[in-house]
Amino acid sequence: MPKREDIKSVLVIGSGPIVIGQACEFDYSGTQACRVLRSEGVRVILVNSNPATIMTDPDFADATYIEPITPQVIEAIIAKERPDAILPTLGGQTALNAAISLHEAGILEKYNVELIGAKVAAIKAGEDRQSFKELVLRSGADVAKSLIAHSLEDVLEGARVLGYPVVVRPSFTMGGLGSGIAFNEEDLIRIAGAGLQASPTTEVLLEESILGWKEYELELMRDKADNTVVVCSIENVDPVGVHTGDSITVAPALTLTDREYQRLRDIGIDIIRAVGVDTGGCNIQFAVEPNTGRVIVIEMNPRVSRSSALASKATGFPIAKIAAKLAIGYTLDEIPNDITKVTPASFEPTLDYVVVKVPRFAFEKFPAADNTLTTTMKSVGEAMAIGRTFGQALQKALRSLERRGSSFHWGEQPFSKDELLETSKKPTDGRIVTLQQAMRMGATIEEAFEATKIDPWFLEQIQYINMAANEIANADKLDSTVLTFAKENGFSDQQIAQLRGETEQTIRDTRHKLGIRPVFKTVDTCAGEFPALTPYHYSSYEQQTEVRPSTDKKVIIIGSGPNRIGQGVEFDYSCVHASFALSDAGFETIMINCNPETVSTDYDTSDRLYFEPLTLEDVLEVIHAESQSGDVIGVVVQLGGQTALGLAQGLATAGIPILGTLTLLKPSW
Amino acid sequence: MIRDKDSVLVLEDGYTFPGYSFGMGGSTLGEIVFATGMSGYQETLTDPSYAGQIVVQTAPHIGNTGMNDLDEESDRIWVSGYVVKEISRIDSNFRSERSLEADLLRDQVVGIAGLDTRALTLHLRNLGVMRAGIFTGEEAHKPISDLVEIVRASEPMAGRSLSDVVSTKKTYKVSGQGEIQGKVAILDLGIKRSTIENMAARGLDVIVYPAQVDVETLLEEHPDAVFFSNGPGDPSTADKQILLLQEILRRGIPFFGICFGNQLLGRALGFDTYKLAFGHRGINQPVIDKRSGKVEVTAHNHGFAVKMDSQGVIESPAGFGKVQVSHLCLNDNVVEGIECLDLPAYSVQYHPEAAAGPHDANYLFDRLVQLIEDTKMDKRK
């Protein structure tokens, strides 16, 4: 089933301005889609109001409209361009909503434009909670139990059936007015009493609480021949109650047996079929009760998302790119796997490493904001790290956040174990470090679990890092065995320095003298079963490196790290353009970055991609590895915002040639 | 916690990988293979097809969810050695009954952890599977050249017969559930529990026979179909079972085979089998069902395959009429299924029972029920 010949032009809808919950991941997905469609000979018309994006560059579409994403404007564009189809699944909820508005206003029909990627019915099935619930139950899966009550007596009786805690949602109130979680009868009388009063129909919905359950996501893709694959499983370290965008997440899922995982997969496939996503991807979120394994489907999004950007970077399976190909009629088995080139995309990636994503918050910019994490997303960016073990990946991810105190540390701790445990009960932006401190002060896995409901497997990993820190601190001598052990467990030179009371530079010098350096492994979608042709690397302290020698002159570009307020997609834009321009000028380009939402961390953007934290240590090691395998002429630091600039001094001191203007360096240099 | 890597994995080509010992101490020898599934280490360990093999898990964290009785594919661990990146220090799962380490000790399995499993996997991918040894404790301190000699003196997998090692010693029965659809005689060449469960769940009564059973005994309960299971070893050593299968085919009894059973059907039909460079061992393999054109994501565990033309209908060289390849692996075009067009017989090289792995190919058990029904209908006519 080759591509459809009736689609000659496609209108791609972007996601507009960056807001919390919808950031540059949609530039990444939209850019991929535009590239794919054009390379297939399809005329691409793009509408997006955000000029700080790669996709709105003139090179990426045949006609680009930097206009508001409203039905009126899109109608005018349709009238002028007369596209055969609209692809709304790569521009987030904004694009999906626009597509639904166009449909409801009769505009699609009027101009005879087809929605591709997801049909209206599929989009609506995911949104209408009641019909989605029915659909899930029909698939043999479960949803949170709920019942309707019209009086306090009904409410109390209902709570006896559902058990505590119970979620109270008054009907027909604005913005969730009067809703809340009741942990006991007293809470319930107060919340439901007010709720009944607030509801114009004196009605509240009581819902079983799934707070504290384990949370998982699956990224699925399906083609028009009904071939379906699960691209990636993602496990939230923070249990249900924290928005997945604000949770620390890990891929693949690490605490499920195959029987449990396959059950999620079966449910996921049933749902994607029932919803009718027939040429694209979807994301399904699950809650799993930790003591019984009961599975509840939380929600489904019939489009690419933040999670699918993460899943793409985590696996090397480019979801947006493949979604665009499926939308114009290809089937999964007709699309080659980008990384191996010889095997088809109708498979499921398998990982021989662990990926950890941590959110980046900006509460310091809003002193009055409540930093409690809830089901409403509050983070403004994220960092992803790849390690051969969870411990490595977690430590790398935390230092990728580039914030003082974001990494595990072993300095003075004024608070007691109990105080720290108490603090960690409430999910906040720095909870993982608070937890590490509590465990360092003696909190057991059981106590930490009681406080957080984080799976004991993850807690043990933190405990182990603390124990390792102790051994590193107390070792007689920082010899090869101790340093190797520290590195295998993800400790940075800086952390080792703190533990040993030395400077970071001394540790680095010692380490280099002992010849302890990372090797670089490859993200290959298949755990080594087939040769990877795309050099997408991450570091690890092991036996054998996979960096191939090269003959061209090489330039290394330092990216801008996780998005934050004041440093967003615009810096990624610059880095990507630097890469393109240098490539045009005949250089081999090497990108280092840790932000999974971006175009720069697409393995197609530069000749080589290193997914690494942007700390001096990690960047120096990449430069070293590349220098061993060819001629590095220098590093570009001026385009990656404060992150890259902040490294300039250290790199210059280490004797690394900085390309471009040197006046950027501090006067002290 | 901080310790020197006190154990070593030695390959027959002289490559070595230092690591830490876990499970039993001592040393072990076997054919080293890599398995790429991210879930299901318990099913992998207890799959009899891995007998005689040292298994490398490419997934870095193993043991996280412990071990439980429900997920056992047989009553013991069969691998001859276990290689992982990191073994879990705790088991965290509501169904866990004991740790992986406890079961490894119970079944005396030597393990090694903390080594560069990716480098090892790439090495095996590039050079093919080979013999290897895990040496711990005293043994690990011997000169590497001595260890390589020990590995080179071990028995290679090609030409090895292991059916009798893994097969049941006694015949046993499992009753079908619900309305009974028929009776299946199973030749146990290393069967997995899930295969039997899948048949029983479809209303098939099954009788499981040892690998050396003769045709009269196999058929004495008048089964509606005969099934040859998965299992370890080189299919070219299974002459007795191939003759048995040819007799089944001659009598027109419906036949279904999985994995080793597929290789034996291939050989019974007169085709050759060969050893793959590094085999298929994973739960993400795309297989196309040529009948429906649909792609299924499937569980594989095989080092040998059937050599036959995958295009069109061909004549069985052994005179069993027309046959064709029904399933192909899209990664490398290896034959993954055979169907006879003149006889009620079919088989697949991969694992429709999954465990571990996706359930996409489960329909193949429905085909068995259908085949039994169709054959009964034909007889009535």
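This is a predicted model: local features need pLDDT of at least 70, side-chain atom pairs count only at pLDDT 80 or more; totals for chains, interfaces and linings use all residues.
**Entry 1**

I then placed them along the chain. B:Phe22 belongs to strand β2 (residues 16-23) of chain B and B:Tyr82 to strand β6 (residues 81-84) of chain B, so their pairing ties together parts that are 60 residues apart in sequence. For the geometry, I noted ring centres 6.4 Å apart and planes at 65°; the pair is therefore edge-to-face, as the angle is over 60 degrees.

**Entry 1. Other aromatic pairs**

I searched the whole structure and recorded 17 aromatic pairs over all chains. A:Tyr536 has 0% relative accessibility and counts as buried. A:Phe611 is buried as well, with a relative accessible area of 0%.

In chain B I also found one aromatic cluster, formed by B:Phe227, B:Phe256, B:Tyr346 and B:Phe365.

**Entry 2. Charges over rings**

I next looked for charged side chains above aromatic faces. In chain A, A:Lys453 lies over the face of A:Phe449, at 5.3 Å from the ring centre. In chain B, B:Arg76 lies over the face of B:Trp78, and its distance from the ring centre is 4.5 Å.

**Entry 3. The open sheet of chain A**

I traced an open sheet of 7 strands in chain A, with the order β14-β13-β10-β11-β12-β15-β16 and antiparallel pairing. Its edge strands are β14 (295-301) and β16 (381-387) of chain A, each of which pairs on one side only. From one strand to the next, I noted a twist that averages 25°.

I inspected one pairing in detail. Strand β11 (residues 228-236) of chain A and strand β12 (residues 249-251) of chain A run antiparallel and are joined by 2 bridges. I noted A:Val250, in β12(A), as the bridge partner of A:Glu235.

Helix α9 (residues 258-275) of chain A touches β10 (214-222), β11, β13 (280-288) and β14 of chain A, and its direction makes about 50° with that of β10(A). Helix α10 (residues 306-315) of chain A touches β10, β11, β12, β13, β15 (354-360) and β16 of chain A; its direction makes about 100° with that of β11(A).

**Entry 4. A parallel pair in chain A**

I turned to strand β1 (residues 9-13) of chain A, which pairs with β2(A) in the parallel sense over 5 bridges. Within this pairing, I found A:Val12 opposite A:Leu46 in β2(A). In strand β2 (residues 43-47) of chain A, 4 of the 5 residues are buried, so I describe the strand as largely enclosed by the rest of the structure.

Finally, I located B:Asn301 in strand β16 (residues 295-307) of chain B. Not counting residues up to four places away in sequence, B:Asn301 touches B:Asp47, B:Ser49, B:Tyr50, B:Cys259, B:His280, B:Arg281 and B:His351.

Note on methods:
Residues are numbered from 1 along each chain as its sequence is written. Chains are lettered from A and ligands numbered from 1 in the order in which they are written. Side-chain values use heavy atoms; hydrogens and water are left out. Contact means heavy atoms within 4.5 Å. Two strands pair if DSSP finds at least two bridges between them. Axes are lines fitted to C-alpha atoms, for helices over the stretch in contact, and angles run from 0 to 180 degrees between N-to-C directions. Rings of Phe, Tyr and Trp (its six-membered ring) pair if their centres lie within 6.5 Å; planes under 30 degrees apart count as stacked, over 60 as edge-to-face and the rest as tilted. Buried means under 20% relative accessible area, exposed over 50%, partly exposed in between (1.4 Å probe, protein chains only). A charge sits over a ring if NZ of Lys or CZ of Arg is within 6 Å of the ring centre and within 35 degrees of the ring normal.
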